[in-house]
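Subject: Handing over a structure, with notes

Dear colleague,

I am passing a structure on to you, together with the notes I made while going through it. Please look at the model first and then read on.

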Amino acid sequence: MSPTQWDFPVELCCRPMAFVTLTGLDVVYNAVHRAVWDAFCANRRADRVPISFKVLPGDHEYPKCRPKRTSYEWYIPKGILKTGWMNKHLNLVPALVVVFYELDWDEPQWKEKQSECATRVEIVRQSLQGRNTKVAVVLIQKKTPLPPGEDVIASERAAALCNVCELSGKSLFVLPHTDHLVELFLKTNKQNLLLFVRHQFKIAFFSELKQDTQNALKNYRTAYNLVHELRAHETNILEIKTMAGFINYKICRLCFQHNTPLDAIAQFRKHIDLCKKKIGSAELTFEHAAWMSKQFQAFGDLFDEAIKLGLTAIQTQNPGFYYQQAAYYAQERKQHAKALCNHEASVMYPNPDPLETQTGILDFYGQRPWRQGVLSFDLSDPEKEKVGILAIQLKERSVVHSEIIITLLSNAVAQFKKYKCPRMKSHLMVQMGEEYYYAKDYTKALKLLDYVMCDYRSEGWWTLLTSILTTALKCSYLMAQLKDYITYSLELLGRGNNVLSRTLNKCLTVPLQNESPDPEPDCDVLAVKTAQKLWVDRVSLAGSNVFTIGVQDFVPFVQCKAKFHAPSFHVDVPVQFDVYLKADCPHPIRFSKLCVSFNNQEYNQFCVIEETSKASGVLENLTQGKMCLVPGKTRKLLFKFVAKTEDVGKKIEITCVDLVLGSEMGRCVVLSWQGGGGDAASSQEALQAARSFKRRPRLPDNELHWDSITVQASTMIISRVPNISVQLRHEPPALMNEMYCLVVTVQSHEKTQIRDVKLTAGLKPGQDANLTQKTHVTLRGTEPCDESYPALLTDIAVGDLKPGEQLEKTLYVRCGTVGSRMFLVYVSYLVNTTVEEKEIVCKCHKDETVTIETVFPFDVAVKFVSTKFEHLERVYADIPFLLMTDVLSASPCALTIVSSELQLAPSMTSVDHLESQVGKVVLQTGESASECFCLRCPSVGNVEGGVATGHYIISWKRTSAMENIPVISTVITLPHVIVENIPLHVHADLPSFGRVRESLPVRYHLQNKTDLVQDVEISVEPSDAFMFSGLKQIRLRILPGTKQEMLYNFYPLMAGYQQLPSLSINLLRFPNFTNQLLRRFIPTSIFVKLYEDVRILSAIF
């Protein structure tokens, strides 16, 4: 009864493939034969029918064929399925033998070759000895054959060869090194109930060989139903279960292969329901448990294999459940084996061995070795049966059950981890740890249990945790691991665990007195003896007797919380915090020392409480002293210290709280809480307390509810509160590019003199980088800032201040862009103060921020107009035009324009002298000042984008600014203008007004602007308001660059603003020169006064 007795045969688990034998191939020395072999095997595509090929010699001896029965009427079968039948048809007896022979149709020695081929075929038939195996011949030819029907010689010789070899025409093939061959034929039969099961199984198996899986599944189901129709008895129940397991495995495998997993699961459940009560002999109950375990394991393997091939599983239906159930039955097997195989040492193994057979293997699956082929329900030899059962029991005793269980549990854990089932995974890992404990592998047991306990601690599963801790305590005792033993002992005394005071005394007092603890209950006797020797050696070793235990990973019997009184403390105020302790053990307990550590270790010396105690006195029933904790009572310990001035602006954190149990002179345990306290279960308990609506019981005034205490493990040291005032005086908003004045007033209200007063002022850091580049601050307002000035002035020393004294500092800010800016004024100083009778030097500071909006001081509008003040989109070469500027004040305060200046580009010239027309002008909000300049642009040719005009510079300052504030010059770039050339320029000389019935002389000047002689047609259109004398229509020529004058006398007939006679000019060379363009240069109307106005005015004056 080997440990692998219940494993399924390899032939059952593999995919059945038809077995085909190839003879006549020399795959080692003949390259052509090797290519043929590779064509069959190595290069076989995945979509081809799977076939098992094997090269054998032609005279290979196959298994002998038994004579066929003509009837099963008097045949009594000895079992259902022989152990070698599947292997025989998969690997020994071929379904087809292919004889390869090199022979071309035009072979000169055809007769001799034909006879040799027939001899080889006959040798193969003799080797098969009457089996139904098919034989085929493949002729390997060097020449490519002609199409069928064209080669007469080939047809005749093929027929002759088939006749000699006794082959049908379908069994002869020609292979010109590229063809392939697969032929298969199978046959079976059936009869009687045992034979029904056997034959149905064989039919299904042969169907699998033919890759007819649907028919195979149908026959396997029939065989399964038939096997359960067999009459079950103690003598044959093992064989029935074995065959049922085989057939069930095949059915489930095919269901998964057909992608019908629900059918596979339903079949397996049916199989378990039918077989779980077929236990058999009561003395071999462990065999049934082993068989059940193997069924679940095999189905889990099938399920997992199907998932790897693409099947999708879910949390509630995955292979892990089947591995778990297999482990359960393996544990049941272990229990039954422990109860049934517990023979005395005097009981010897039977001799001769009843489990041995002559061949070394069983004839039929599931039968007993000492009564093979016996189908009678009556035991002919009860004594032999008893000896056989004894041999099985003694064999079972040597099986390492824990190893089997651990393997199954490990498979289940892997599956539950894959499908994210943490609770199931933890549960099974506990079982694995317990099995390792039973297997005496205590190291692995502790490793697994430690891993699982983390989850159970954080979630508060106290009952489960107690059970696991008990096992872990046993492991640590048996390995003589002192630190682990003390750790688990302390945790067993914690909240949620019910431990007697005897256990408390044993777990704490004995180890702390450097003595060996008593053995744990229910431990293996031999393991205890070994452990006691280890403990003696461990106690006698000279080494460190201080054990530091970090409680953040477990739940001790003491809880600790540290809380600062405030999230921040001023440097001139003592830092205070409380440490709360609460004991969960059943009796009072005394600690010897409490110390608190900080990130700045210089404070550690101020936060230590120490009381002398002995290891034997930790459990004395005393309630006196700060370090004695009473169960259920919260102990509050106050600490305070003075922070160092160097820590201003830094965070002080509690890094750990250490509580010492025992004496450091002897052996002691240090419980260390990271940060401000809390253990593995604290976070979950705090969350539950916050969500709970349960009313807390009322406690005396001097006691606190533990859940109401929150951990505050850090505090910030901030500077002393300043006792000065800082005021800012300014006139918002700031104007772009001006020297904006900001006056800072600092006054001291301290009781003593303050010294080393420093001022930092300017743009507050952290704003947009563009603001930093365009903001400049200086203390000197007499000169403008440039790019070299910083945006923030730091550490400006302003001296000392006596109580009540004040000082002023003026800052000048230049803002190069508009928008909001936040400015910072930071004042720092030193002052002496006393804290806890200790004098310290405090650095105080106060800052003020102000947001200043920067706006444009004014808007400048520029336009080009003609001499008639008409808007110009473009100007004409050498024709005067006007440049008009309009300065509109956008400042909320008054502005003074000191002067203005027009800087012309080289391409522009002025007609008259350029002088400022707005100097000393004061503009209020919304007021504007305008200037006009007459300019001329010489001909510059065709310039893309226009011609540059120049710059307009305005010098200005805020009217309310002090005289020493520099004037700001704002440079406005004038727009470009498009310059065009015209062929003829016309301008008119005429008085500014006329009088009725008084001659009005008008002179027109025509100038040729081209290099060509201009033919000009001139005509004057009459007007109702004027009579005129002069040429009404004329044609003349104007030489290049010369002028021509035309003189007319207009005689006004009506008063008022009258239309002049219209001058019309037509250039024959430039037909595009229109009268609309002409009207831009000459006036079209004039104001005419009455003639009597002169006499009336003379009379009046």
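This is a predicted model: local features need pLDDT of at least 70, side-chain atom pairs count only at pLDDT 80 or more; totals for chains, interfaces and linings use all residues.

Residues are numbered from 1 along each chain as its sequence is written, and side-chain values use heavy atoms, with hydrogens and water left out.

The whole chain

The protein chain has 23 helices and 46 strands, where helices (H or I, at least four residues) and strands (E, at least two) are DSSP runs numbered from the N terminus. Of its 1101 residues, 46% are buried; buried stands for under 20% relative accessible area, exposed for over 50%, and partly exposed for what lies in between, with a 1.4 Å probe and protein chains only. Among contacts (heavy atoms within 4.5 Å) with a separation of 6 or more, 74% are between residues 24 or more positions apart. The accessible surface of the protein chain is about 56,500 Å², and 51% of that belongs to carbon and sulfur atoms; such areas come from the Shrake-Rupley method with a 1.4 Å probe, and for residues only the protein chains shown count as cover.

Helix α7 (residues 213-227) packs against α8 at an angle of about 150°, with the two axes 9 Å apart. Axes here are lines fitted to C-alpha atoms, for helices over the stretch in contact, and angles run from 0 to 180 degrees between N-to-C directions. That angle makes α7 roughly antiparallel to α8, since angles under 35 degrees count as roughly parallel, over 145 as roughly antiparallel, 65 to 115 as roughly perpendicular and the rest as oblique. The contact of α7 with α8 has 13 nonpolar, three polar and two charged residues, where Ala, Val, Leu, Ile, Met, Phe, Trp, Tyr, Cys and Pro count as nonpolar, Asp, Glu, Lys and Arg as charged, and the others, Gly among them, as polar. Among the residues that meet there are L217, Y220 and Y224 in α7 and I247, N248 and I251 in α8.

Helix α8 (residues 237-257) also packs against helix α9 (residues 261-275), at an angle of about 165° and with the axes 8 Å apart, and α8 and α9 are therefore roughly antiparallel to each other. The residues of this contact divide into nine nonpolar, four polar and two charged, including N248, I251 and C252 in α8 and Q267, F268 and H271 in α9.

Two buried residues

N248, which has its place in helix α8, counts as buried because its relative accessibility is 4%. Leaving aside neighbours within four places in sequence, N248 is in contact with Y224, Q267, F268, H271 and Q295.

L302 lies in helix α10 (residues 285-308) and, at 5% relative accessibility, also counts as buried. Apart from residues up to four places away in sequence, L302 touches Y249, C252, R253 and F256. L302 and L254 are 48 residues apart in sequence, and their C-alpha atoms are 10.0 Å apart in space.

Helices α15 and α16

The axes of helix α15 (residues 442-459) and helix α16 (residues 462-478) come within 10 Å and cross at roughly 155°, so α15 and α16 are roughly antiparallel to each other. Their contact includes L446, L449 and M453 of α15 and L465, I468 and L469 of α16, and the residues of the contact divide into 15 nonpolar, two polar and one charged.

Backbone details

Most residues other than glycine have a negative phi, and most peptide bonds are trans. The peptide bond from N351 to P352 is cis, with omega near 5°, and P352 is in the loop between α11 (319-340) and α12 (382-397). A cis peptide bond also joins P732 and P733, with omega about -5°; P733 is in the loop between β18 (724-729) and β19 (734-735).

D878, in the loop between β28 (875-876) and β29 (881-889), has a positive phi near 65° and is partly exposed, with a relative accessible area of 31%. R997, in the loop between β38 (993-995) and β39 (1000-1008), has a positive phi near 60° and is exposed, with a relative accessible area of 58%.
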